[in-house]
Amino acid sequence: QVRLVESGGGLVQAGGSLRLSCTASGRTDKKYAAGWFRQAPGEEREFVAGISWAGGRTTYGDSVTGRFSISRENDRNTVYLQMNSLKVEDTAVYYCAAAELGSSDLLSAYRTVRDYDNWGQGTQVTVSS
């Protein structure tokens, strides 16, 4: 298991930007795909972005494509989510997630909650109009 801690959330005006970070500790000797999800009150957890172990493959949810960018620095055990052109509807708690990989999965990036087995506690992002 790996422990994930998110940071960088906060309050921003519509049209602004934020960068979220997710730092892993614990079993960082293993290889993980990583992802970001979000959950607004009363809503299901929604996929935002995913990235493969080496960062060569990324995938995004339809509502954030072209505005958000996921990246990672494995030597720092950190994954980032750069969020630009934020909208009021981006308001949610954002969760970082990690999926432990087998040797045949190193190029994979995942999009569903069930693909991930490690989760952070979340960080609140609020976008005001």
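1. The side chain of T78 makes a polar contact with the side chain of T23 at 3.4 Å, a polar contact being a pair of N or O atoms within 3.5 Å, where within protein one must be able to donate a hydrogen and the other to accept it, and residues adjacent in sequence count only if both atoms are side-chain atoms. A polar atom of the T78 side chain also lies 2.7 Å from the backbone oxygen of R76.

2. This is a predicted model, in which local features need pLDDT of at least 70 and side-chain atom pairs count only at pLDDT 80 or more, while totals for chains, interfaces and linings use all residues. Residues are numbered from 1 along each chain as its sequence is written, and side-chain values use heavy atoms, with hydrogens and water left out.

3. T78 has its place in strand β8, strands being DSSP runs of E of at least two residues, numbered from the N terminus. With a relative accessible area of 8%, T78 is buried, that is, under 20% by a 1.4 Å probe on protein chains only. Leaving out residues up to four places away in sequence, T78 touches S21, C22, T23, R72 and E73, where contact means heavy atoms within 4.5 Å.

4. One disulfide (a pair of cysteine sulfur atoms within 2.5 Å) is found in a search of the whole structure, and it joins C22 and C96, whose sulfur atoms are 2.0 Å apart. Because C22 lies in strand β3 and C96 in strand β9, the pair ties together parts that are 74 residues apart in sequence. The torsion about the S-S bond is about -80°, so the disulfide is left-handed. Both C22 and C96 are buried.

Methods:
Helix = DSSP H or I, 4+ residues; strand = E, 2+ residues; numbered from the N terminus. Buried < 20%, exposed > 50% of the residue type's maximum accessible area, 1.4 Å probe, protein only.
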